[in-house]
Amino acid sequence: MKQNLSSLDIHLVIKELQFLIGGKIDQLFLPEKDELFLRIHVPNKGKSILRIKDGKFLFLVKTKE
């Protein structure tokens with residue numbers, strides 16, 4: 001399992017999440033101690049949910065579980 005992010009990994013994550021610039025966090029969900037959902041509203045693009053699991057992953061989802 002990969003433990004660290006390379007500069008290429010960070011570049012690609014930043015590139016993918018650029019559309020969130022200017023967005024505002026609507027709600028925070030903390031379903032588990034080490035997991036966080038951020039519902040972000042981006043003007044003219046709608047809502048997205050950013051799911052973060054401490055030390056494991058970060059990705060966009062359409063709905064929270």
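Among contacts in the chain between residues at least 6 apart in sequence, what percentage join residues at least 24 apart? The share is 15%, where a contact means heavy atoms within 4.5 Å.

1. **What you are looking at.** This is a predicted model, in which local features need pLDDT of at least 70, side-chain atom pairs count only at pLDDT 80 or more, and totals for chains, interfaces and linings use all residues. Residues are numbered from 1 along each chain as its sequence is written, and side-chain values use heavy atoms, with hydrogens and water left out.

2. **The overall plan.** The chain holds 1 helix and 4 strands, and reading along the sequence gives the pattern α-β-β-β-β. Helices (H or I, at least four residues) and strands (E, at least two) are DSSP runs, numbered from the N terminus. The C-alpha trace spans about 35 × 30 × 15 Å along its principal axes.

3. **The sheet.** Follow the 4 strands and you will find an open sheet in the order β1-β2-β3-β4, with antiparallel pairing. At its edges are β1 (24-32) and β4, each of which pairs on one side only. On average, neighbouring strands are turned by 20° against each other, direction ignored; the axes behind this angle are lines fitted to C-alpha atoms, for helices over the stretch in contact, and angles run from 0 to 180 degrees between N-to-C directions. Two strands count as paired if DSSP finds at least two bridges between them.

4. Strand β2 (residues 35-42) runs antiparallel to strand β3 (residues 46-53), and 8 bridges join them. Leu 38 has Leu 50 as its bridge partner in β3, while Leu 36 has Ile 52. There are 3 residues between the strands of this hairpin, where Asn 44 takes a positive phi near 65°.

5. **The β3 and β4 hairpin.** Next, β3 pairs with strand β4 (residues 57-61) in the antiparallel sense over 5 bridges. Arg 51 stands opposite Phe 59 in β4. This hairpin has 3 residues between its strands, and Gly 55 in the turn has a positive phi of about 75°.

6. **The aromatic pair.** The structure holds 1 aromatic pair. Phe 57 and Phe 59 form it, tilted, at 5.0 Å centre to centre with 40° between the planes. Rings of Phe, Tyr and Trp (its six-membered ring) pair if their centres lie within 6.5 Å; planes under 30 degrees apart count as stacked, over 60 as edge-to-face and the rest as tilted. Phe 57 counts as partly exposed because its relative accessibility is 31%, and Phe 59 does so at 33%.

7. **The core.** Look for Leu 17, Leu 20, Leu 38, Ile 40, Val 42 and Leu 50, the 6 residues of the largest nonpolar core. β2 gives the most to this core, with 3 residues. Such a core is a set of buried Ala, Val, Leu, Ile, Met, Phe, Trp, Tyr and Cys residues joined through side-chain atoms within 4.5 Å. Buried means under 20% relative accessible area, exposed over 50%, and partly exposed in between (1.4 Å probe, protein chains only). Not counting residues up to four places away in sequence, Leu 38 touches several residues, including Ile 25, Leu 28 and Ile 52.

8. Lys 62 sits in the segment after β4 and counts as exposed because its relative accessibility is 81%. Lys 62 and Phe 19 are 43 residues apart in sequence and 15 Å apart in space, C-alpha to C-alpha.
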